[in-house]
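Here is a short briefing to read alongside the model. Take a look at the structure first, and then we can walk through its strands and its charged pairs.

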Amino acid sequence: MFSATPIVRSAEAQAEIDRAGQRLALYHFMSCPFCQRVRSQIERLALPIELRDIQRDPQHRQDLMAGGGRTMVPCLRIEKEDGTVEWMYESADINRYLERRFG
């Protein structure tokens, strides 16, 4: 599916990616195969995205329901520059977004 080798970037490019990654969080749980696809993409693209396990932390589950409107995973929380938040569901959509933005 994905190359196992993470992308290598210059220090400046990785610093920019690191800043952008601070605005992202993935709601997931470990045994979900669709979540694993997204986690593999995150690893391949060397992204510092916070992982929020909704099975291990009830607060993450509550936050996902309050923000996204449902507790389906994976869900990528995207905080935009203007402070608005987008909740992106579906592993294929999330992986396409990550590839377009960071690939």
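Two strands count as paired if DSSP finds at least two bridges between them. With that in mind, L26 stands opposite L51 in β2. Please remember that this is a predicted model.

**Strands and crossover**
- Strand β1, residues 24-28, pairs with strand β2, residues 50-53, in the parallel sense, and the pairing runs over four bridges.
- Together with helix α2 (residues 33-44), β1 and β2 make a β-α-β unit that is right-handed.

**Salt bridges around E79**
- Eight salt bridges turn up in a search of the whole structure.
- One of them joins R23 to E79, with 3.5 Å between the closest N and O atoms.
- This pair links distant parts of the chain, 56 residues apart: R23 lies in the loop between α1 (11-21) and β1, and E79 lies in strand β3 (residues 75-79).
- R23 is partly exposed at a relative accessible area of 25%, and E79 is also partly exposed, at 29%.
- E79 has a salt bridge with R77 as well, at 3.7 Å from N to O.

**A pair within helix α4**
- R96 and D93 form a salt bridge whose closest N and O atoms are 2.5 Å apart.
- The two residues are separated by about one helical turn, because they sit three residues apart in helix α4 (residues 91-102).
- R96 is partly exposed at 47% relative accessibility, and D93 is partly exposed at 33%.

Methods: Residues numbered from 1 in each chain as written. Predicted model: local features only at pLDDT ≥ 70, side-chain atom pairs only at ≥ 80, totals over all residues. Heavy atoms only, no water. Right-handed = clockwise from strand over helix to strand, strands pointing away. Salt bridge = Lys/Arg side-chain N within 4 Å of Asp/Glu carboxyl O. Buried < 20%, exposed > 50% of the residue type's maximum accessible area, 1.4 Å probe, protein only.
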